Amino acid sequence: MFIDDTIAAIATAPGEGGIGIVRISGQKALKVADEIFRSMSGKTISEYKTRTLIYGNIVDGEDVIDEVLLAYMKGPNSYTAEDVIEINCHGGFISVKKILELILSKDVRIAEPGEFTKRAFLNGRIDLSQAEAIIDVIKAKTDMAHQVAQNQLEGSLSSKIKELRGKVTEVLAHLEVAIDFSEEDIEEITYQTLKEKAEEIRIEIKKLYDTAESGKILRDGLKTVIVGKPNVGKSSLLNSILGENRAIVTDIPGTTRDVIEEFVNIKGIPLKIVDTAGIRETEDVVEKIGVEKSRESFNSADLVIMVLDSSRNLSDEDIEILENLENKKTIVILNKTDLEPKIEEDVLAKYVKEENIIRTSALKHEGIEELYDKIESMVYKGSVKNSSSLVITNSRHKDALLKSYESINDAINAIDSFLPYDFIEVDFKNIWDYLGYINGDTVKEDLLDTIFSNFCIGK
Ligand code: GDP
Ligand code: ZN
């Protein structure tokens, strides 16, 4: 891939900070840097070894703009695989902006969001799944999510996809031979062996696809609502959870001033507790999500935690909420276990499985750990054991796997019906293409633009 223009951008986040970094990539990077940089030693950049930090000034004619450290990374051993210059200047708004403007006056264009990473991909240094992992590393909200993204960046998914495509290629090669020669020549390729190979591929695709649910949660958080009638202990429980798990991020998205999402880290799982008025501010928010109002929250929630007061009889109101839980992933909390039990557990058993009932005393902070264990096992369902597991976190990858899975099923149906080899070949070619979406091998330019436009500027 030949890219002839040179790009530049500020790579650090806007705002005041110790240092700011301006980055240039492309053929003219070194030439432009030479024009605006005076090293303290008087030597030119090329006289230094590549990837050393050089102390000097950025100058515009006679004017010194800032005192900087400059690094020259000669391609292909750089982030983009092109010649890259990074200028470490003083942080804040003005230094970086002035230096960038100076660079842009020299026939260099401003980089689009994600364009440096896009170049790394186009130049073949990383594949698309690795490029996408970079943004996941940046956006990770827990250590676990970070680790999973880091593995993907190191190429765990890339090599799995490569391996799977290798198997598909092997089948395709056999099919080619079978198509080109008359059948009596071909003993080795029978429908039976084709089927065995196809089944093997199907199992692997399915296994990977099945990690996507946990993966999405790792990446985006588990959207959780807490419901129950007044006074059962929802706020107390919530405070227990929030108190011991430092909130990770607090988002106050745009227009709806009163929607607050709190992320708490439960055993590496980002739990996104969605609330309609703020968790700590309003004393009794959660009960505002009554039976009627709860429908909307229910529908979008990944997990519903329903709290009951175990020291009282089940009321009509409790039953009404229980009836609404039907198709939801639910944990029912029997709270206030420090008091005399009154709740009719036999009635409760009609609505919820014993395994999904957790007994707590929010007051004495008992049973909370069991709640965390339950959440963990619900999320991972045994499919993800630890952070080194290969996990699909990206919905684009998930879609591509689903399409591959559908195509392998088509192939198996075709094999079972003894359809001609060239019919079967079409299905295997589709699988090869769909798997190629994941590493970017068969992805179209406009999709690339969409993917990289989600990156930050300067990355
Ligand atoms: P909410 O209305 O569902 O949010 O319930 P709150 O968290 O405001 O609690 C209602 C009352 O029950 C408060 O007086 C709490 O102190 C009390 N409470 C909450 N959890 C427990 C518990 O586990 N045991 C006992 N004995 N009281 C509790
Ligand atoms: Zn409350």
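The legends below accompany close-up views of a predicted model of one protein chain.

View 1. The chain has 459 residues, of which 40% are buried. When contacts between residues at least 6 apart in sequence are considered, 68% of them join residues that are at least 24 apart.

**View 2. The largest nonpolar core and the surroundings of A33.** The largest nonpolar core holds 113 residues, and those that touch the most other members are V22, A33, L70, I103 and I333. Helix 15, which spans residues 421-439, gives this core its largest share, namely 8 residues. Which residues are in contact with A33, once its neighbours within four places in sequence are left aside? They are I24, I45, L70, Y72 and I85, and of these L70 is itself listed with A33 among the core residues that touch the most other members.

**View 3. Helix 6 packed against helix 15.** The axes of helix 6 and helix 15 come within 9 Å of each other and cross at roughly 160°. Because angles over 145 degrees count as roughly antiparallel, helix 6 and helix 15 are described as roughly antiparallel to each other, and helix 6 passes helix 15 in a left-handed crossing. On the side of helix 6, the residues that take part include L157, I161, L164, V168, L172, L175 and I179, while those of helix 15 include Y421, I424, F428, I431, W432, L435 and I438. Sorted by class, the residues of this contact comprise 16 nonpolar, 4 polar and 4 charged. Among the residues that meet here are also S158, R165 and T169 in helix 6, together with D422, E425, K429 and N439 in helix 15.

**View 4. Helix 6 packed against helix 7.** Helix 6, covering residues 156-180, packs with helix 7, covering residues 191-209, at an angle of about 160°, and their axes lie 10 Å apart. With that angle, helix 6 and helix 7 are therefore roughly antiparallel to each other, and their crossing is left-handed. In helix 6 the residues K160, L164, K167, V168 and V171 meet L194, K197, I201, E204, I205 and L208 in helix 7. By class, the residues of this contact are 7 nonpolar and 4 charged, with no polar ones. L164, V168 and V171 in helix 6, which meet helix 7 here, are also listed where helix 6 meets helix 15.

**View 5. Helix 4 packed against helix 5.** Helix 4 (residues 128-139) and helix 5 (residues 143-153) have axes that come within 8 Å and cross at roughly 155°. These two helices are therefore roughly antiparallel to each other, and the crossing of helix 4 and helix 5 is left-handed. The residues S129, Q130, A133, I134, D136 and V137 in helix 4 meet H146, A149, Q150, Q152 and L153 in helix 5. The contact of helix 4 with helix 5 is made up of 5 nonpolar, 5 polar and 1 charged residues.

**View 6. E112 in its loop.** E112 lies in the loop between strand 7 (109-110) and helix 3 (115-122). Is E112 buried or partly exposed? With 15 other C-beta atoms within 10 Å, E112 is partly exposed, since a residue counts as buried if 20 or more such atoms lie within that distance and as exposed if 12 or fewer do. From C-alpha to C-alpha, E112 is 60 Å in space from V347, and the two are 235 residues apart in sequence.

Note on methods
Residues numbered from 1 in each chain as written. Chains lettered and ligands numbered in written order. Predicted model: local features only at pLDDT ≥ 70, side-chain atom pairs only at ≥ 80, totals over all residues. Core = buried A, V, L, I, M, F, W, Y, C linked by C-beta atoms within 7 Å. Helix = DSSP H or I, 4+ residues; strand = E, 2+ residues; numbered from the N terminus. Contact = placed C-beta atoms within 7 Å. Axes fitted to C-alpha atoms, helices over the stretch in contact; angles between N-to-C directions. Parallel < 35°, antiparallel > 145°, perpendicular 65-115°, else oblique. Left-handed = near helix turned anticlockwise from the far one by under 90°. Nonpolar A, V, L, I, M, F, W, Y, C, P; charged D, E, K, R; others polar.
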